[in-house]
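Dear colleague,

My notes on it follow, beginning with the ligand and then moving to the chain.

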Amino acid sequence: MTRDPARAGRTTSGRTTSTRCPAVMVFTRDLRVRDNPALCSAQQTADGVLPLFVLDPETLGTTASPGEPGDPAVRPPANPPCPNRVAFLAASLQDLDTSLRELGSHLVLQHGDWVHEVLRAVRNSGATAIHLADDVSLHARHRFERLQREAESCRVAVVRHPGVTVVPPGAIAPAGKTAFAVFTPYHRAWERQRRRPILPIPDHLGPPPGQTSDTPRAHQFLDEWSPDAQQHSPDLPPGGERAGLERLHTWVDEHLAEYERSRDDLAAEATSRISPYLHLGCLSPLEAADLTRDLPGGSAFTRQLCWRDFFHQVLAARPDTARTDHTDRQIPWTPDEDGYRAWATGRTGHPLVDAGLRQLRREGYMHNRARMVVASFLTKDLLIDWRRGAAHFRSLLVDGDVACNQLNWQWVAGTGTGNALHRVLNPTRQAQRFDPHGTYIRRHVPELANLPGPAAHDPDPIERRRRGYPEPIVDHALAAQAFLSRVKR
Ligand SMILES: Cc1cc2nc3c(=O)[nH]c(=O)nc-3n(C[C@H](O)[C@H](O)[C@H](O)COP(=O)(O)OP(=O)(O)OC[C@H]3O[C@@H](n4cnc5c(N)ncnc54)[C@H](O)[C@@H]3O)c2cc1C
């Protein structure tokens, strides 16, 4: 299958898809009408486009856990869908439906097995081609391979397009290898890589072929389908392309110039918070990179977008790293249930760790610096397997993403790309450095509200008792020492 936008419309079998028959455009992680290569290609090459999204319970379940189809012996039990991501997805689909209606079309929503529903839409519309964005997780690959097999037997072409990352995974690689394992050379090559042009919104799409006019509107369908979404965290961001664009542009105007200085400032809330919009493709990562790269602050910001691409190309080359160590360090993980429970509920007695975990529960989001501190604490102070931490994150994160989540967890744990095995973050020092006035801690740990300034970094035992805040469950210095000697052994 082609991944090259210049060759989009051509399948590996060599058949062209430009005969003017209808096409099905399957939205996945590209829930937008701006700069959407799959949508543009469908519109340009077909006579009528059916815009489809399939709510597949298996996909929603697996996006909440590291579980992927594969060997059942290593497949973790399926998790229920993450209510935060379901709620954000529902809002994003409604917004997409509104945009498609402005183009004379509407979103067709189906619920069921993804491959089965895509093929049903093909049959109902008389389509001869299916367009969709390429994705890298094992789950996305397996379902794509199934779709391709079944579509080929009906002589329907399946065309994959870029759009989930700035630079498509595999577009740049060191000689003789499929992916970069080290960030700095990847970043250099990424900066030099020629980019595809940003695509305009299609002028007009027209009614989806084969659909009756009484198709339920997205919100009716979603209200009925997603009662779980009602149980989401209280402070979720609004979903959808419109909200994402507004967030991006406001943030660029107000904060981009100071990004490098303020990105680690926990209290400042000065990072872009576009990660959920990138995760579902409500924003085009290419457009975000293009908009910012020549502005003051732009190179520090696009470097972060490059990290996102970096992890996607690692996962594309090694899809197993969603659940296995990228580099096997033989770390002797422990099943410390009490430690895990204290960590997951934000009751470790280490104020910065607890602040991060409580922000996650309340907002479905956590500041990057706090993510690093809580991940280091779980894997190194408590010696608990990174997979448990990654699963907890993905049960709550609105931006929870296989590539960025699993591989950042591995990066911090020391099993991933990078060389962080011997780096154990000290939660109190991290708080003194990145939350010097204790503002972030007080914001998220109400027991410590009113504790003056830096006293919140490590309250004394009397204050803790008075406020019902726990003693530290481990002494960081001893735990760090124990971790380092265990991994040395
Ligand atoms: C343990 C751990 C787990 C993480 N899990 C996720 C996850 O599931 N999904 C996710 O999108 N990010 C994840 N990150 C990366 C990072 O924390 C978030 O992308 C970032 O906090 C999102 O906030 P922002 O949009 O304000 O970021 P900004 O600082 O404004 O950065 C802009 C964009 O760059 C990308 N980015 C920034 N930092 C990273 C990074 N370290 N790795 C990859 N991409 C990055 C994101 O897409 C982000 O939206 C994780 C980091 C750690 C340490």
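Around the ligand there are 27 residues, of which Thr 271, Ser 272, Ser 275, Asn 405 and Asn 408 come nearest, a residue being near a molecule if its C-beta atom, placed from the backbone, lies within 6 Å of it. The elements that give two or more residues to this shell are helix 10 (275-279), helix 12 (298-317), helix 15 (368-381) and helix 17 (402-413); helices (H or I, at least four residues) and strands (E, at least two) are DSSP runs, numbered from the N terminus. By residue class, the shell divides into 12 nonpolar, nine polar and six charged, where Ala, Val, Leu, Ile, Met, Phe, Trp, Tyr, Cys and Pro count as nonpolar, Asp, Glu, Lys and Arg as charged, and the others, Gly among them, as polar. The ligand lies between domain 2 (165-196 + 241-318) and domain 3 (337-488), because both give residues to the shell around it; the domain bounds come from an automatic or database domain assignment.

Two points on how to read all this. This is a predicted model, in which local features need pLDDT of at least 70 and side-chain atom pairs count only at pLDDT 80 or more, whereas totals for chains, interfaces and linings use all residues. Residues are numbered from 1 along each chain as its sequence is written.

As for the chain, it has 21 helices and five strands, and buried residues make up 51% of its 489 residues. A residue is called buried if 20 or more other C-beta atoms lie within 10 Å of its own, exposed if 12 or fewer, and partly exposed in between, with C-beta atoms placed from the backbone. Among contacts between residues at least 6 apart in sequence, 76% join residues at least 24 apart, a contact meaning that the C-beta atoms of two residues, placed from the backbone, lie within 7 Å.

Leaving aside residues up to four places away in sequence, Ile 130 touches Ala 23, Val 24, Val 26, Val 118, Val 122, Ala 151, Val 156 and Val 158. Val 26, found in strand 1 (residues 23-26), is itself buried, with 24 other C-beta atoms within 10 Å, and beyond its neighbours within four places in sequence Val 26 is in contact with Leu 52, Val 118, Ile 130 and Leu 132.

In helix 18 (residues 427-434), Pro 427, Gln 430 and Ala 431 are buried. Seen down the axis of helix 18, its buried residues fall within an arc of 100°, so they line one face of the helix, the arc being that of the directions from the helix axis to the C-beta atoms. These buried residues pack against helix 14 (351-363), helix 15, helix 19 (439-444) and helix 21 (476-488).

Asp 35, in the loop between strand 1 and helix 1 (37-45), has a positive phi near 40° and is buried, with 23 other C-beta atoms within 10 Å. Glu 269, in the loop between helix 9 (259-262) and helix 10, has a positive phi of about 55° although it is not a glycine, yet Glu 269 counts as exposed, with 12 C-beta neighbours inside 10 Å.
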